[in-house]
Amino acid sequence: MGVLSNKIDKEQLKPGDHIYSWRQAYVYAHHGICVGEGKVIHFTRGAGQEIGTGTFLDRIIFSLSPAHPSDNPCPRCGDSLRLDGVILSCVDCFLCGGDLYLFEYGVSHVLFLVKARGGTCTLAESDPPEDVLHRASFLLENGFGVYHVFKNNCEDFAIYCKTGLLVSTSISVGRSGQAATLVAAASAIVSSPLRFLTTSFSGLAAVSYGMYCVSRLVSDIGVRRDIVKVPVERLVANPSLDDPSIANYILN
């Protein structure tokens, strides 16, 4: 891996790795947990489910579920690829023709900001591989709630498996760096009063990028104050599983 790219080969994969692959011309990335033997556990909205955000994001989400013709299913994955929720598939079906990337944990503040694209790394530390695999396997059997593009998506799932951390408030985005990037970009453009301090394009760009970096940094799970570690057994036992990002897991 390089500073600007987390791309790796399949031979470098280890059980417990958080991996991802870009979709739709690098608009969005799909995330999962490598469990060994060429298999990946990941969280997805099943192919064929078109009810979602009601925006162009639905087409992006739809692309996250790897699909084979119904009369020619993957010999390794079978019909499971047409299911929604937490599923197990082979690495090739997970990649869906894309390249393989490794999500980084415990990066420095400098490296985090250098990697300006969200959803590739975090300041938070990963738990040991055995804990990661336990969470992923447990959620494969019990589910991870309802998919939500901003609060409970595939990256949220993978980050929870790696860290056991949940957002304890229901008024912000989840753990996903991709969702935080969208929010950061919007706030950098329309929310900063500092934009009135300059009239030049270069000055406006510098101010906007600075606000974008600050917003991304404070939204990272490694520095947020509204984060609580929750055992996976307690997560699944809670009746409010429709939204694993809310504080009910901590309060109940």
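Which residues are buried in helix 4? They are V132, R135, A136 and L139, where buried means under 20% relative accessible area, exposed over 50% and partly exposed in between (1.4 Å probe, protein chains only). This is a predicted model, in which local features need pLDDT of at least 70, side-chain atom pairs count only at pLDDT 80 or more, and totals for chains, interfaces and linings use all residues. Residues are numbered from 1 along each chain as its sequence is written, and side-chain values use heavy atoms, with hydrogens and water left out.

**Overall architecture**
- The protein contains nine helices and seven strands; these are DSSP runs numbered from the N terminus, with helices being H or I of at least four residues and strands being E of at least two.
- Among the 252 residues of the protein, 49% count as buried.

**Helix 4**
- Helix 4 comprises the 14 residues 129-142.
- V132, R135, A136 and L139 of helix 4 are buried. They cover an arc of only 95° around the axis, which puts them on the same side of helix 4; the arc is that of the directions from the helix axis to the C-beta atoms.
- An α-helix has 3.6 residues a turn, so residues three or four places apart point the same way.
- The exposed residues E130 and E141 are carried by the face of helix 4 turned away from its buried side.
- The partners against which the buried residues of helix 4 pack include strand 2 (28-36), strand 3 (39-44) and helix 5 (154-163).
- G143 follows helix 4 and has a positive phi, near 90°.

**Nonpolar cores**
- A nonpolar core is a set of buried Ala, Val, Leu, Ile, Met, Phe, Trp, Tyr and Cys residues joined through side-chain atoms within 4.5 Å.
- The largest nonpolar core has 20 residues, of which L139, F144, F157, Y160, C161 and L235 touch the most other members.
- Strand 2, strand 3, helix 4, helix 5 and helix 8 each supply at least two residues of this core, and helix 5 gives the most, with five residues.
- Another core, of 12 residues, lies apart from it and has Y20, Y105, I159 and I221 among its members.

- V107 is placed in the loop between strand 5 (101-102) and helix 3 (109-114).
- V107 is buried, with a relative accessible area of 9%.
- Leaving aside neighbours within four places in sequence, V107 is in contact (heavy atoms within 4.5 Å) with F112, C121, T122 and L123.

Terms used
The expected span of a helix is 1.5 Å times one less than its number of residues.
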